[in-house]
Amino acid sequence: MIQITENRYIVRNDKILSGEPIIKGTRTPVRAIVETWRQGVFPEEIPNLLPHLTLAQVFDALSYYSENQEEINEYIQRNRIPDDLIDPLVRDM
């Protein structure tokens, strides 16, 4: 079942990522945009990396995050790859 949020482009779908907030019409979770932004990528540049997204969707995801930080941070932590599973060649970049 799709659940609409107060944000225009953010929805939840029980069949996609177990209901984690995603960008409407995609399988892209809000956390993916937040993590990209936290790595220092400007919001305006994120659609260059994720070309299926519009700038409006990116800003809506960041707006959702600003109002739901605890929830999104929990998804980020839950999906984090443990350091010991990351190849040292990649980890040390």
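This is a predicted model: local features need pLDDT of at least 70, side-chain atom pairs count only at pLDDT 80 or more; totals for chains, interfaces and linings use all residues.
Residues are numbered from 1 along each chain as its sequence is written, and side-chain values use heavy atoms, with hydrogens and water left out.

View 1. The chain has 5 helices and 3 strands, and from the N terminus on they run β-β-β-α-α-α-α-α. Helices (H or I, at least four residues) and strands (E, at least two) are DSSP runs, numbered from the N terminus. Along the principal axes, the C-alpha atoms fill a box of roughly 40 × 30 × 20 Å. Of the 93 residues, 38% count as buried; buried means under 20% relative accessible area, exposed over 50%, and partly exposed in between (1.4 Å probe, protein chains only).

**View 2. Helix α1 and what covers it.** Helix α1 spans residues 30-38, and its buried residues are Val30, Arg31, Ile33, Val34 and Thr36. Their cover includes β2 (10-13), β3 (22-23), α2 (46-49), α3 (55-67) and α4 (69-78). Look closely at Val34: leaving aside neighbours within four places in sequence, this residue is in contact (heavy atoms within 4.5 Å) with Leu62, Tyr65, Ile72 and Ile76. Just after α1, Gly40 takes a positive phi of about 100°.

**View 3. The largest nonpolar core.** In soluble globular proteins, nonpolar side chains tend to be buried together. A nonpolar core here is a set of buried Ala, Val, Leu, Ile, Met, Phe, Trp, Tyr and Cys residues joined through side-chain atoms within 4.5 Å. The largest one has 16 residues, and those with the most contacts inside it are Val30, Ile33, Val34 and Ile72. Helices α1, α3 and α4 each give two or more residues to this core, with the largest share, 5 residues, coming from α3.

**View 4. Salt bridges between separate parts of the chain.** A salt bridge is a side-chain nitrogen of Lys or Arg within 4 Å of a carboxyl oxygen of Asp or Glu, and by this rule the count comes to 3. Arg12 pairs with Glu71, their closest N and O atoms being 2.3 Å apart. That pair links distant parts of the chain, with Arg12 in strand β2 and Glu71 in helix α4, 59 residues apart. Arg12 is buried, at a relative accessible area of 18%. Arg31 forms a salt bridge with Glu20 at 2.6 Å between the closest N and O atoms. Arg31 lies in helix α1 and Glu20 in the loop between β2 and β3, so this pair ties together parts 11 residues apart in sequence. Both Arg31 and Glu20 are buried.

View 5. Arg78 and Glu74 meet through their side chains in a salt bridge (2.6 Å, N to O). These residues are 4 apart in helix α4, so about one helical turn separates them. Arg78 is exposed, with a relative accessible area of 53%, while Glu74 is partly exposed at 44%.

**View 6. The largest pocket.** Its lining is made up of Arg31, Glu35, Gln39, Ile76, Asn79, Arg80 and Ile81. On a 1 Å grid over the protein atoms alone, a pocket is an open set of points where a 1.4 Å probe fits, with protein on both sides within 12 Å along at least five of seven lines; lining residues have an atom within 4 Å of a point.
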